[in-house]
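Have a look at the picture first, then read on.

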Amino acid sequence: MSEAKYARQAAYNRKTYVRFPLDLRPEILEAFKAKCKENGTTPTTEIKKFINTYIEKQ
């Protein structure tokens, strides 16, 4: 496997699996949504920002 292909696969895996715990634990996702509502942010946007930051740091 080429390094570029490996890097793309690793990034895809991080993007997929960082979201996975949220899907497994609906109570955490609901608490997160409530917190976003309190501070005026959008849950989907916040999750995407976190995932992108996490991917870039790896």
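## Helices and salt bridges

Starting from the N terminus, the elements of the protein chain go α-α-α. That makes three helices and zero strands, where helices (H or I, at least four residues) and strands (E, at least two) are DSSP runs, numbered from the N terminus. Keep in mind that this is a predicted model, in which local features need pLDDT of at least 70, side-chain atom pairs count only at pLDDT 80 or more, and totals for chains, interfaces and linings use all residues. Residues are numbered from 1 along each chain as its sequence is written, and side-chain values use heavy atoms, with hydrogens and water left out.

How much of the protein chain is buried? Buried residues account for 14% of its 58 residues; here buried means under 20% relative accessible area, exposed means over 50%, and partly exposed is in between (1.4 Å probe, protein chains only). The protein chain exposes about 4,900 Å², with carbon and sulfur atoms supplying 56% of that. Those areas come from the Shrake-Rupley method with a 1.4 Å probe, and for residues only the protein chains shown count as cover.

Now for the charged side chains. A salt bridge here is a side-chain nitrogen of Lys or Arg within 4 Å of a carboxyl oxygen of Asp or Glu, and by that rule there are three salt bridges.

| Salt bridge | Closest N and O atoms |
|---|---|
| Lys 33 and Glu 30 | 3.7 Å |
| Lys 35 and Glu 38 | 3.4 Å |
| Glu 46 and Lys 49 | 3.1 Å |

Where do Lys 33 and Glu 30 sit? Both are in helix α2 (residues 26-39), and because they are three residues apart there, about one helical turn separates them. Lys 33 is partly exposed, with a relative accessible area of 37%, and Glu 30 is partly exposed too, at 47%.

Helix α2 also holds Lys 35 and Glu 38, three residues apart, about one turn of the helix.

The remaining pair belongs to helix α3 (residues 43-57): Glu 46 and Lys 49 lie three residues apart in it, about one turn of the helix. Glu 46 counts as partly exposed at 24% relative accessibility, and Lys 49 counts as partly exposed at 48%.
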